[in-house]
Amino acid sequence: MLSNLGFEDEANGWMIDPKELVCFEKFALTTGNQSLKMVVDENTPEGTNRTFTIAQKINMRKFTGQDMVFKC
């Protein structure tokens with residue numbers, strides 16, 4: 001149901017805010033081709049929002065009326 005689960009296609013399918021604090025690269029613990037990295041450190045500009053929102057909308061129409069279990 002979700003798309004681009006491992007951020008292999010960068011932010012495609014995802015809403016990420018603030019975008020200036022994220023990057024997509026292969027890191028030491030990356031299991032796929034790339035991962036999402038969120039960075040807040042001494043180089044982060046003052047006044048930048050440090051609350052991240054990472055979300056994806058899911059169209060549930062084709063599952064209407066079916067029993068479902070969601071886990072995070």
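Start by colouring the chain by secondary structure: you will find 0 helices and 4 strands, where helices (H or I, at least four residues) and strands (E, at least two) are DSSP runs numbered from the N terminus. This is a predicted model, in which local features need pLDDT of at least 70, side-chain atom pairs count only at pLDDT 80 or more, and totals for chains, interfaces and linings use all residues. Residues are numbered from 1 along each chain as its sequence is written, and side-chain values use heavy atoms, leaving out hydrogens and water.

Trace the chain from the N terminus and the elements read β-β-β-β. The radius of gyration is 15 Å, well over the 11 Å that the globule rule gives for 72 residues, so the chain is more spread out than a compact globule. That radius is taken over C-alpha atoms, and the rule is 2.2 Å times the number of residues to the power 0.38.

Now zoom out. Along the principal axes, the C-alpha atoms fill a box of roughly 50 × 30 × 20 Å. Buried residues account for 22% of the 72; buried means under 20% relative accessible area, exposed over 50%, and partly exposed in between (1.4 Å probe, protein chains only).

Next, select Met38, in strand β3 (residues 35-38). Is Met38 buried, partly exposed or exposed? Its relative accessibility is 45%, so Met38 counts as partly exposed.

Finally, show the neighbours of Met38. Leaving aside residues up to four places away in sequence, Met38 touches Leu21, Val22, Phe52 and Ile54, a contact being heavy atoms within 4.5 Å. Draw a C-alpha to C-alpha line from Met38 to Leu21: the two are 17 residues apart in sequence and 5.7 Å apart in space.
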